[in-house]
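Let's take a walk through a protein together, looking at how side chains meet one another.

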Amino acid sequence: MTEPPQIAEPTAPEPEATAPVPDGRALQTPAAVRRRALLAGTAVSALLILAIVFGSRLLRDFDSALLPYAVATVFLAFGVAYRYTVWISAPGARRLFRQGRRSFFSAANFRKAPTALPKMIATYLGLQKFLGARSHARWAAHQLLFWGCVLAALITFPLTWGWFTFTSSTGDGPGYEMRIWGFKVLGFDSLNILGWLMFHGLDIAAVLVIAGASYFLWRRMKDRGAITGQRFAYDLIPLIALVVISVTGLLLTFSSIFLHGGGYEFLAILHMASVVFTLVYIPFGKFFHIVQRPAAVGMQLFKYTSRSKDGAAEELQACRRCHEPIDTPAYVDNLRGTMRDLKLDFDEWAEYCPRCKRVLRGSAYLTHVKKGFR
């Protein structure tokens with residue numbers, strides 16, 4: 001009789017947390033990432049609370065009527081820090097963040113191209129020229145939306161936190177003083193153009209936001225491509241929320257000027273609810289790209305500075321198929337490293353241009369998939 005074959009006793013697989021990754025660090029378990037994100041969110045929200053307390057001179061300049069807005073900003077700070085920590089814990093985002101930070105704080109890059117960083121901040125974050133390549137109308141609408149939100153944030157947040165105050169020696173104007181952290185920075189007459197702009201800055205921001213958001217809402221109802229891929233909670237809710245905030249804000253001004261305060265309390269509650277909802281929604285919806293976008297500036301700086309070495313232009317890496325230039329070898333190597341971090345077994349595809357990738361993918365489909373239907 002032959003002996004039965006020996007069956008090896010199964011061994012427990014190695015835990016994923018100890019598996020090595022290309023950069024020599026251990027993979028992070030979801031529980032560890034959540035703990036670190038929770039600590040980051042708590043720390044940032046605590047710092048914001050301290051900034052509110054001390055920036056409002058121990059709450060002497062804090063308006064208690066704006067408490068719901070202030071609480072919402074604390075939740076916003078917690079959510080942004082939490083989500084950002086989780087985001088940069090992913091292999092691809094971590095490499096992007098690490099490489100961008102290295103390029104951002106590189107003294108060699110500053111000596112090589114001292115104007116590159118401010119230029120990219122202006123064109124990539126401010127003017128967002130990359131959107132113009134897709135559509136001039138979308139770029140214009142995005143600019144209206146972007147600058148309207150920026151203007152509203154620059155006015156609303158400091159007022160909500162008690163950092164800005166407007167006082168009048170007579171109690172009702174027309175002369176006012178604007179103070180920041182208790183220090184007078186500007187005196188103005190509410191009846192001149194400067195005073196009108198100071199008191200109607202949020203109305204101007206609302207008009208800009210309504211114009212930009214209305215275009216995108218119209219596009220998402222008419223454009224077939226946008227309709228096909230859109231999701232109500234992710235794509236439409238943010239635009240509707242911005243429109244509601246802006247419209248109710250304008251109606252508050254209309255009520256105070258033309259209706260002698262008629263319906264003001266109801267509009268104020270509706271406006272507050274829409275603002276609080278939007279602030280809490282930002283870290284967990286489509287608006288989170290506002291926080292992610294600055295991290296990409298470092299990567300753009302890395303691409304720009306890697307195109308020149310010691311004052312001489314670096315030779316671009318050529319496509320392996322058509323031999324057309326792709327990008328710098330440093331950028332291609334970084335992309336391949338990201339793909340390896342993500343355990344994608346086709347990182348060599350980074351060495352092909354976009355057109356050749358499409359051709360090779362189509363050829364593979366005809367060879368291996370379509371062949372079965374012949």
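**Charges and rings**

Let's begin with Lys286, which is partly exposed, with a relative accessible area of 25%. Keep in mind that this is a predicted model. The partner of Lys286 is Asp235: the two form a salt bridge, and their closest N and O atoms are 3.1 Å apart. This bridge ties together distant parts of the chain, since Asp235 belongs to helix α10 (residues 232-258) while Lys286 sits in the loop between α11 (264-281) and α12 (289-305), 51 residues apart. Is Asp235 buried or exposed? Its relative accessible area is 7%, and because buried means under 20%, Asp235 counts as buried.

In total, the structure holds seven salt bridges. Another of them joins Asp61 to Arg57, with 2.9 Å between the closest N and O atoms. Here Asp61 counts as buried at 18% relative accessibility, whereas Arg57, at 32%, counts as partly exposed.

Now find Glu177 and Arg179, whose salt bridge has its closest N and O atoms 3.0 Å apart. Glu177 is partly exposed, with a relative accessible area of 25%, and Arg179 is partly exposed too, at 26%.

Next come the aromatic rings. A pair of such rings is described by two things, the distance of the centres and the angle of the planes. The structure holds 18 aromatic pairs. In one of them, the rings of Phe157 and Trp161, the centres are 5.5 Å apart and the planes meet at 35 degrees, so the pair is tilted. Phe157 is partly exposed, with a relative accessible area of 22%, while Trp161 is buried, at 12%.

For another arrangement, turn to Tyr281 and Phe287: their ring centres are 6.3 Å apart and their planes stand at 90 degrees, so this pair is edge-to-face. Tyr281 and Phe287 are both buried.

Rings can also link up into groups. Ring pairs join Phe157, Trp161, Trp163 and Trp181 into a cluster. Finally, a charge and a ring can meet: the charged end of Arg83 sits over the ring of Phe288, 4.3 Å from the ring's centre.

Methods:
Residues are numbered from 1 along each chain as its sequence is written. This is a predicted model: local features need pLDDT of at least 70, side-chain atom pairs count only at pLDDT 80 or more; totals for chains, interfaces and linings use all residues. Side-chain values use heavy atoms; hydrogens and water are left out. Rings of Phe, Tyr and Trp (its six-membered ring) pair if their centres lie within 6.5 Å; planes under 30 degrees apart count as stacked, over 60 as edge-to-face and the rest as tilted. Buried means under 20% relative accessible area, exposed over 50%, partly exposed in between (1.4 Å probe, protein chains only). A charge sits over a ring if NZ of Lys or CZ of Arg is within 6 Å of the ring centre and within 35 degrees of the ring normal. A salt bridge is a side-chain nitrogen of Lys or Arg within 4 Å of a carboxyl oxygen of Asp or Glu. Helices (H or I, at least four residues) and strands (E, at least two) are DSSP runs, numbered from the N terminus.
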